[in-house]
Amino acid sequence: KVYFLAHGGRVQGSLYFTRKRAMEYDLTGWVRNTDNNKVEGEAQGTEEAISNFLKNVDNGPNHAHVVRLDREERDVVEDEAGFEVRR
């Protein structure tokens, strides 16, 4: 499991882009916007799937601009299901 934080000049559209990519890689977890123009979340899955997913998040959707992507390892959450957008 990994926590991620995308810092950007523009992150509009990133929530649903991130959710779609997570579902493509069969990851579980969540994503949300922060009050300071960042996108944060947690993703859980295989190392390869998470690596590919984070590359997508770092690139962001076409109209977004991710300046930096931080990541931090987290403990696995047993029986987690789905990937949700949180408000």
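Biologist: Where is aspartate 26 placed?

Modeller: Aspartate 26 sits in the loop between α1 and β2, the strand of residues 28-33. Keep in mind as we go that this model is predicted.

Biologist: Is aspartate 26 buried or exposed?

Modeller: For this we look at relative accessibility, and the cut-off for exposed is over 50%. Aspartate 26 has 66%, so it counts as exposed.

Biologist: Let's turn to helices. How are two packed helices described?

Modeller: The description uses the angle between their axes and the distance between those axes. Here, helix α1 (residues 14-24) packs with helix α2 (residues 47-59) at an angle of about 160 degrees, and their axes are 10 Å apart. That angle makes α1 roughly antiparallel to α2. The crossing of α1 past α2 is right-handed.

Biologist: Which residues of α1 and α2 meet?

Modeller: From α1 come Phe17, Thr18, Arg21 and Ala22; they meet Phe53, Asn56 and Val57 of α2. By type, the residues in this contact of α1 with α2 are four nonpolar, two polar and one charged.

Biologist: What about methionine 23, and where is it placed?

Modeller: Methionine 23 is in helix α1. At 47% relative accessibility, methionine 23 counts as partly exposed. The C-alpha atoms of methionine 23 and phenylalanine 53 are separated by 9.6 Å, with the two residues 30 residues apart along the chain.

Biologist: Now a strand, please. Is histidine 7 buried or exposed?

Modeller: Histidine 7 lies in strand β1, residues 2-10. The cut-off for buried is under 20%. Histidine 7 has 12% relative accessibility, so it counts as buried.

Biologist: Which residues does histidine 7 touch?

Modeller: Leaving out residues up to four places away in sequence, histidine 7 touches Lys38, His65, Val66, Val67, Arg68 and Asp70. With aspartate 70 there is a polar contact between the two side chains, at 2.7 Å.

How values were computed
Residues are numbered from 1 along each chain as its sequence is written. This is a predicted model: local features need pLDDT of at least 70, side-chain atom pairs count only at pLDDT 80 or more; totals for chains, interfaces and linings use all residues. Side-chain values use heavy atoms; hydrogens and water are left out. Axes are lines fitted to C-alpha atoms, for helices over the stretch in contact, and angles run from 0 to 180 degrees between N-to-C directions. Helices (H or I, at least four residues) and strands (E, at least two) are DSSP runs, numbered from the N terminus. Angles under 35 degrees count as roughly parallel, over 145 as roughly antiparallel, 65 to 115 as roughly perpendicular and the rest as oblique. A crossing is left-handed if the near helix is turned anticlockwise from the far one by less than a right angle, and right-handed if clockwise. Contact means heavy atoms within 4.5 Å. Ala, Val, Leu, Ile, Met, Phe, Trp, Tyr, Cys and Pro count as nonpolar, Asp, Glu, Lys and Arg as charged, and the others, Gly among them, as polar. Buried means under 20% relative accessible area, exposed over 50%, partly exposed in between (1.4 Å probe, protein chains only). A polar contact is a pair of N or O atoms within 3.5 Å; within protein, one must be able to donate a hydrogen and the other to accept it, and residues adjacent in sequence count only if both atoms are side-chain atoms.
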